[in-house]
Amino acid sequence: HGGWPAEDKLTPGLYDCRNFPGSLELASPQVWEEYDFGCLERLEAQLQQSKALEFTVPAGTEVGGLLIWMSTTLGDGIDIDTRRDFTSWNQYYLHLGLQEVAEDGLLKVCATVDARTEDVSYEFQVGSKSYSTRDC
């Protein structure tokens with residue numbers, strides 16, 4: 001795990017990581033995939049999701065991708081956050097290549113999930129860049 005590679009060493013794609021430097025986080029986290037396992041009647045309708053997210057980032061900032069991790073509530077006072085806690089679940093960095101945040105300071109992300117089968121697919125549109133697990 002060691003240091004974080006330079007921008008020119010990364011190609012667009014999904015990277016399994018644990019040591020993503022906190023100093024590179026530019027905005028507060030947002031939920032892009034959410035399931036309520038407490039109500040099986042509603043679960044099937046949750047297997048396909050699409051969310052439009054907006055991250056507030058200083059205008060002109062260069063953004064190279066997204067850090068993705070799991071956070072879940074198992075019960076009263078029992079939370080797991082793989083960014084905060086050491087777990088067997090990894091964090092992922094979705095590298096898309098550098099792009100500059102517009103003058104309005106908003107980085108717009110559309111996240112789409114299809115979990116109807118075991119072969120779950122994810123698609124992300126981040127500014128002018130996109131990534132799909134279907135392309136892998």
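Reply: A residue is called buried when its relative accessible area is under 20%, exposed when that area is over 50%, and partly exposed in between, with a 1.4 Å probe and protein chains only. The model is predicted, so local features need pLDDT of at least 70 and side-chain atom pairs count only at pLDDT 80 or more, while totals for chains, interfaces and linings use all residues. Residues are numbered from 1 along each chain as its sequence is written, and side-chain values use heavy atoms, with hydrogens and water left out.

Side chains of opposite charge can pair when their charged atoms come close. A salt bridge here is a side-chain nitrogen of Lys or Arg within 4 Å of a carboxyl oxygen of Asp or Glu, and by this rule the count comes to six. One of them joins Lys 108 to Glu 54, whose closest N and O atoms are 4.0 Å apart. Because Lys 108 belongs to strand E7 (residues 106-114) and Glu 54 to strand E2 (residues 48-56), the pair ties together parts that are 54 residues apart in sequence; strands (E, at least two residues) and helices (H or I, at least four) are DSSP runs, numbered from the N terminus. Lys 108 is partly exposed, at 46% relative accessibility, and Glu 54 is likewise partly exposed, at 43%.

Another salt bridge links Asp 114 with Arg 116, where the closest N and O atoms are 2.6 Å apart. Asp 114 counts as buried because its relative accessibility is 14%, whereas Arg 116, at 52%, is exposed. Asp 85 and Arg 84 also meet through their side chains in a salt bridge, at 2.8 Å from N to O; of these two residues, Asp 85 is partly exposed at 26%, and Arg 84 is exposed at 55%.

Apart from neighbours within four places in sequence, Glu 25 is in contact with Phe 20, Leu 67 and Arg 83, contact meaning heavy atoms within 4.5 Å. With the side chain of Arg 83, the side chain of Glu 25 makes a polar contact at 2.4 Å. Such a contact is a pair of N or O atoms within 3.5 Å; within protein, one must be able to donate a hydrogen and the other to accept it, and residues adjacent in sequence count only if both atoms are side-chain atoms.
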